[in-house]
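Morning, everyone. Please look at the structure on the screen, and I will walk you through it.

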Amino acid sequence: MDLAASLALLSERQAQGPEQMALNCPPVPHRGQVVDLETGTISREGDETSTTSASADPATSAGAGEAASPPPPPTAQEAHDTAVEVRLAALKEQGLSTSDLIHHFFEKQEQRVAVFREFDSGLDEILARDDFDAYPALCERVTTAFSGLSAAVAATKLALERNGGGVVASRLVARVQSFEGEKLTLTAAVHLDTLRRHRYAQAIDATRSDAAETEGQGAAGGEVDAAETGGRGAVATANLKPLIMLDESIVAGRGKLRKTTQEINEALEELRFELEE
């Protein structure tokens with residue numbers, strides 16, 4: 001899976017909103033912010049558009065057909081392709097050798113590693129502050145960075161293909177690009193599971209706190225229903241199952257991330273050998 005597809009998948013999952021990511025948790029009012037990770041735009045659910053208002057006005061509707069409609073904005077893929085063409089033209093103008101192009105790729109790869117670090121550290125900060133609303137903004141920042149780097153690497157790959165001695169290097173760059181797409185998808189999945197786990201754990205803690213308060217009040221009154229207490233215990237045990245499943249999913253996702261990172265490093269090592277030859 002390439003980076004563009006990974007960003008689209010991440011966008012689809014993120015559109016759910018971080019507040020609703022917990023399984024079976026009490027609903028939290030949605031604040032209406034939806035981030036498209038492919039385009040980097042932010043919209044608010046429930047906003048009335050000018051199109052809706054115009055359709056309600058017969059006069060406006062009648063005149064709409066007379067005026068030329070503005071061209072639709074470019075799709076994310078079209079914007080990506082344009083960015084690649086611009087970067088490819090710049091590389092061609094510089095007249096870089098195969099060795100120079102490989103060095104250029106490694107510079108972009110180092111920047112990509114730094115963006116992944118920012119993504120992970122940003123999630124840690126959000127969990128520490130309990131600020132789930134900040135996650136869409138984090139996604140927007142890293143998506144903008146990933147999109148630019150993806151275009152730069154794609155342009156470098158094309159430049160290597162068109163360079164007589166860079167065919168092997170271009171294939172290795174393509175391999176790294178593919179694994180980076182998998183890494184982004186896996187990172188997003190681990191992030192979302194981590195957010196779900198954090199929110200679900202909070203819901204369980206709140207439920208236990210309420211149950212303890214109720215039992216304390218019953219004990220003070222001298223009346224404690226053993227059947228009711230046992231029932232609450234069974235419910236609490238059942239509620240732990242999704243938490244355990246999320247823990248297992250996070251561990252499995254991190255394992256896949258380690259394997260994918262190893263694949264990336266092996267491809268990078270082969271590219272370094274290519275640079276030395």
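First, a term. Helices (H or I, at least four residues) and strands (E, at least two) are DSSP runs, numbered from the N terminus. Read along the sequence, this protein goes α-β-β-α-α-α-α-α-α-α. That pattern holds 8 helices and 2 strands.

Now the ground rules. This is a predicted model, in which local features need pLDDT of at least 70, side-chain atom pairs count only at pLDDT 80 or more, and totals for chains, interfaces and linings use all residues. Residues are numbered from 1 along each chain as its sequence is written, and side-chain values use heavy atoms, with hydrogens and water left out.

On to burial. Buried means under 20% relative accessible area, exposed means over 50%, and partly exposed is in between (1.4 Å probe, protein chains only). The protein has 277 residues, and 36% of them count as buried.

Next, contacts, meaning heavy atoms within 4.5 Å. Take contacts between residues at least 6 apart in sequence: 77% of them join residues at least 24 apart.

What about the cores? A nonpolar core is a set of buried Ala, Val, Leu, Ile, Met, Phe, Trp, Tyr and Cys residues joined through side-chain atoms within 4.5 Å. Which residues touch the most other members of the largest nonpolar core? Phe 105 and Leu 271 do, in a core of 22 residues. Two or more residues each come from helix 4 (76-94), helix 5 (98-129), helix 6 (135-162), helix 7 (167-220) and helix 8 (226-276). Helix 6 gives the largest share, 6 residues.

Stay with Phe 105. Leaving out residues up to four places away in sequence, Phe 105 touches Arg 112, Val 153, Thr 156, Val 173, Val 176, Leu 268 and Leu 271. There is also a second, separate core of 17 residues, with Val 115, Leu 149, Leu 184 and Leu 192 among them.

Now helix packing. Axes are lines fitted to C-alpha atoms, for helices over the stretch in contact, and angles run from 0 to 180 degrees between N-to-C directions. Under 35 degrees counts as roughly parallel, over 145 as roughly antiparallel, 65 to 115 as roughly perpendicular, and the rest as oblique.

Helix 5 and helix 6 first. Their axes come within 10 Å and cross at roughly 165°, so the two helices are roughly antiparallel. The crossing is left-handed; that is, the near helix is turned anticlockwise from the far one by less than a right angle, while clockwise would be right-handed. The contact of helix 5 with helix 6 has 19 nonpolar, 5 polar and 4 charged residues. Here Ala, Val, Leu, Ile, Met, Phe, Trp, Tyr, Cys and Pro count as nonpolar, Asp, Glu, Lys and Arg as charged, and the others, Gly among them, as polar.

Between helix 5 and helix 6 is a loop, and Asp 130 lies in it. Phi of Asp 130 is near 60°, a positive value in a residue other than glycine. Asp 130 counts as partly exposed because its relative accessibility is 39%.

Compare helix 4 with helix 6. The axes of this pair come within 8 Å and cross at roughly 50°, so helix 4 and helix 6 are oblique to each other. Their crossing is right-handed. Contact residues include His 80 and Arg 87 of helix 4, and Ser 147 and Gly 148 of helix 6. The contact of helix 4 with helix 6 divides into 10 nonpolar, 5 polar and 2 charged residues.

One last stop: Gly 255, in helix 8. Is Gly 255 buried, exposed or partly exposed? Partly exposed, because its relative accessibility is 25%. Gly 255 and Leu 186 are 69 residues apart in sequence, and their C-alpha atoms are 9.9 Å apart in space.
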